Amino acid sequence: CGYDWKGVMTKDERGRINRAVKQLKDIGATPADIELRAKNFVLSYGFNPAPQSITSLYSKLSKPQPKLTKKQLEEVQKQAVNQGRWDQLKEKYDES
């Protein structure tokens, strides 16, 4: 979700994270499940999710559902390529 775990967090930030972790733990979500859904959130919406975004949309995020325009999706892909992540995502989730 983009949090700086070594930095200072407010009680509200920590509380939101803890509530989301509890919900995910209660349904038996694995770290791989959570990572997949976080990546699908980014592919669908173009930005990092908040903890509640993952828990609120958990079942919908099992597959990427891009809601971005073609131009926005290309920009997200371009940024990911620049960071060396897009090739990994494409290889893992490419349906072709």
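Q: Buried means under 20% relative accessible area, exposed means over 50%, and partly exposed lies in between (1.4 Å probe, protein chains only). To which class does Phe-41 belong?

A: This is a predicted model, in which local features need pLDDT of at least 70 and side-chain atom pairs count only at pLDDT 80 or more, while totals for chains, interfaces and linings use all residues. Residues are numbered from 1 along each chain as its sequence is written, and side-chain values use heavy atoms, leaving out hydrogens and water. The relative accessibility of Phe-41 is 4%, so this residue is buried.

Q: How is the ring pair of Phe-41 and Tyr-45 classed?

A: Rings of Phe, Tyr and Trp (its six-membered ring) pair if their centres lie within 6.5 Å; planes under 30 degrees apart are stacked, over 60 edge-to-face and the rest tilted. The structure holds two aromatic pairs. In that of Phe-41 and Tyr-45, the centres are 4.7 Å apart and the planes stand at 40 degrees, so the pair is tilted.

Q: What is the relative accessible area of Tyr-45?

A: Tyr-45 falls in the partly exposed class. Its relative accessible area is 24%.
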